[in-house]
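Visitor: I have the sequence and the model open. Please show me how to read a few features.

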Amino acid sequence: MDLLHFGSYTFSSRLILGTGKFSNSTVMLDAVRSSGAQLVTVALRRFNREQAEDDLFGPLSAIKGITLMPNTSGASTASEAVRAAHIARELSGSPFIKVEIHPNPQHLMPDPIETFEASRILAKEGFLVMPYIAADPVLAKRLEEVGCASVMPLGSAIGSGQGLATSEMLNIIIRESGIPVIVDAGLRSPSEAAHAMEMGCEAVLVNSAVAVAGNPPAMAEAFAEAVVAGRKAFRSGLMQKSGSAIATSPLTSFLGTL
Amino acid sequence: MRVSPEWLTDNRDTAALAAMLAPDSLFSLETLAAESRAITLRRFGQTMTLYAPLYLSNYCSSGCAYCGFASDRTTPRHRLEPDDIRQELNAMKKIGISDILLLTGERTAAADFEYLQQSVAIAAQEMQRVSVEAFPMSVSEYRKLADCGCTGITIYQETYNRQRYKTLHRWGPKKDFIDRLETPARALEGGIKTVGLGVLLGLSDPVEDALSLYRHLRHLGHTYWRAGMSVSFPRMRPQTGGYEPPFPVDHHLLARMIFAFRISLPDTELVLSTRESAAFRDGMAGLGITRMSIESRTTVGGYHDPGNQEKGQFDICDDRTAKEFCTALRTKNIEPVFKNWEPAYNGPVSPNSSPAIPETQPCH
């Protein structure tokens with residue numbers, strides 16, 4: 001069976017769902033269920049122990065068959081992210097942590113230096129570290145070296161819906177990586193998710209595209225199907241694109257005359 | 001008198017915003033609303049972050065012509081003592097509030113920096129997120145507040161028109177236009193994560209002020225790349241003291257400003273308070289605004305004593321309970337979010353360089 005492995009965890013679904021931006025938690029929970037996602041990320045800042053109605057963690061943890069991956073969205077430095085990871089592990093019991101560090105709250109681009117530092121520390125402490133990064137092939141390898149469970153390069157800016165704008169860099173990351181590559185951020189349509197899987201990503205993470213869709217649960221299902229199709233295509237061996245035209249008169253025939 | 005900085009009149013970057021705000025703009029309000037709505041949905045989703053103000057003190061040393069708490073008003077003066085603050089915080093927590101804005105007047109002996117710092121520390125024990133709207137401070141004072149758990153500073157220039165500013169700010173420390181203009185930068189320098197800017201709509205030409213406000217935000221963004229920024233759109237309400245705004249802003253212009261700011265600053269938090277009516281707030285939810293205040297009391301001690309008949313700084317217009325307001329948001333398919341912060345992320349930030357990187361010695 002084609003399973004996704006992180007540490008001792010295995011998942012048959014390769015769609016990871018984000019839980020922010022939904023119009024209410026009922027819709028969000030419906031979307032999680034219909035996506036078939038087994039790994040779901042939730043921001044520590046949306047854990048609310050004092051007010052059940054405002055809390056995302058409680059209702060998510062009640063869903064059977066999913067593993068929660070808390071994220072550190074809101075952290076702007078490595079030390080804040082490490083602190084948040086500790087709190088998240090204590091509250092959720094999950095060894096997964098999505099390291100998300102954006103020092104500029106305006107555009108939410110990940111800080112490579114702080115992300116590397118936090119990931120290094122947390123991997124050493126035994127977390128299954130899933131860092132959200134720009135599509136930087138060198139950074140991806142550096143994170144692999146310090147023991148991250150995966151790398152999560154962005155397809156394009158969070159919430160931009162620009163799809164796989166970074167595909168050239170993603171191809172290098174996928175080719176070089178010894179750990180799963182998960183495209184995170186920027187996907188707008190299921191076809192883009194399928195494309196990412198065809199490229200060889202091990203999984204995709206989707207949030208905005210589902211959360212702000214007209215019918216989030218149905219869109220979640222569409223993404224799930226696209227991810228399955230894309231993965232199947234990748235495993236089946238896509239036909240090679242021809243690089244250049246075949247010359248009608250062979251270019252090297254002169255060699256035979258020598 | 002110190003001269004105004006060059007960026008305040010630099011028009012290189014403002015053409016698009018000016019075109020949207022011009023009285024004879026070619027952009028219809030509907031076109032702007034549709035674009036603003038689409039951006040908001042993509043970037044912030046179908047959510048609204050909620051906060052509430054807590055008036056710590058109404059002592060004031062300034063003579064702002066438009067303010068109900070100006071030092072020449074006969075309003076009775078109070079300040080909340082630590083136990084009162086805890087009582088107010090408890091009353092607020094019962095409503096679900098976890099994100100608060102602490103307010104004072106200009107610096108006075110009765111409500112000075114030490115008082116504010118102590119109040120922030122108390123609030124940070126009870127609340128998830130604490131911001132401050134008080135008097136301008138020094139860099140080192142801002143750093144102390146950040147150390148105590150304050151993550152945001154709101155400081156409005158009120159108006160960027162220097163002449164109008166001078167007329168309106170009759171006495172007190174707030175008279176100094178440039179000092180106030182430099183305050184958000186000092187807050188960021190001191191490690192405060194987010195600065196909230198705004199103009200008090202009604203005091204001066206609103207379009208001119210909006211363009212200056214935009215220049216101020218762009219200037220701060222360029223200088224402090226880590227800065228979180230938010231923009232408020234406070235429109236003058238009938239004030240204690242009876243000030244009539246000379247440049248009233250109607251609903252259409254206010255809506256246009258909000259849309260134009262969302263389009264020009266797609267990632268910036270836009271704030272609308274209970275100064276506005278329930279109908280206006282409900283209408284604007286989802287179209288550009290991402291942060292709203294709820295169940296505001298503008299009197300000192302108004303939460304645990306809601307029967308208090310004393311006049312606040314200004315009259316609030318949307319007086320619905322948090323519950324009623326949340327119901328209205330949900331009807332519009334928008335999720336009210338009470339907690340959208342984690343105290344693990346508190347503490348001063350280094351405004352420009354990375355704190356994680358130690359200084360290295362050059363190799364020889």
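Visitor: Which residue in β10(A) does A:Ile16 stand opposite?

Guide: A:Ile16 stands opposite A:Leu205. Some conventions before we go on. The model is predicted, so local features need pLDDT of at least 70 and side-chain atom pairs count only at pLDDT 80 or more, while totals for chains, interfaces and linings use all residues. Residues are numbered from 1 along each chain as its sequence is written, and chains are lettered from A and ligands numbered from 1 in the order in which they are written.

Visitor: What is a strand here, and when do two of them pair?

Guide: Strands are DSSP runs of E, at least two residues, and helices are runs of H or I, at least four residues, both numbered from the N terminus. Two strands pair if DSSP finds at least two bridges between them. Strand β3 (residues 15–18) of chain A pairs with β10(A) in the parallel sense over three bridges. Strand β9 (residues 182–184) of chain A also pairs with β10(A) in the parallel sense, over three bridges. There, A:Val183 has A:Val204 as its bridge partner.

Visitor: Which way do the side chains of β10(A) point?

Guide: In a regular strand the side chains alternate between the two faces of the sheet. In strand β10 (residues 203–206) of chain A, A:Ala203 and A:Leu205 point one way, and A:Val204 and A:Val206 the other way. All are buried. Buried means 20 or more other C-beta atoms within 10 Å of the residue's own; exposed means 12 or fewer, partly exposed is in between, and C-beta atoms are placed from the backbone.

Visitor: Where does A:Ala185 lie, and what is its phi?

Guide: Most residues other than glycine have a negative phi, and most peptide bonds are trans. A:Ala185 has a positive phi of about 85° although it is not a glycine. A:Ala185 lies in the loop between β9 and α7 of chain A. It has 27 C-beta neighbours inside 10 Å, so it counts as buried.

Visitor: Where does B:Asn333 lie, and is it buried or partly exposed?

Guide: B:Asn333 sits in the loop between α12 (322–331) and β9 of chain B. Its phi is positive, about 65°, although it is not a glycine. B:Asn333 counts as partly exposed because it has 13 C-beta neighbours inside 10 Å.

Visitor: Which residues of helix α5 of chain A are buried?

Guide: An α-helix has 3.6 residues a turn, so residues three or four places apart point the same way. In helix α5 (residues 137–145) of chain A, the buried residues are A:Leu139, A:Ala140 and A:Leu143. Seen down the axis of α5(A), they fall within an arc of 105°, so they line one face of the helix. That arc is taken over the directions from the helix axis to the C-beta atoms. The face turned away carries the exposed residues A:Val138 and A:Glu145. The cover over the buried residues of α5(A) includes α4 (112–124), β7 (128–133), β8 (152–153) and α6 (167–176) of chain A. Just after α5(A), A:Gly147 takes a positive phi of about 100°.

Visitor: How many residues of chain B are in contact with chain A?

Guide: 31 residues of chain B are in contact with 34 residues of chain A. Contact means C-beta atoms, placed from the backbone, within 7 Å. α2(B) gives the most to the side of chain B that touches chain A, with three residues.

Visitor: Which residues does B:Leu8 touch?

Guide: B:Leu8 touches B:Tyr160, B:Ser212 and B:Arg215, not counting residues up to four places away in sequence. B:Leu8 is found in the segment before α1 (15–21) of chain B. B:Leu8 and B:His219 are 211 residues apart in sequence and 8.7 Å apart in space, C-alpha to C-alpha.

Visitor: How many helices and strands does chain B have?

Guide: Chain B has twelve helices and nine strands. Buried residues make up 52% of its 364 residues.

Terms used:
Contact = placed C-beta atoms within 7 Å.
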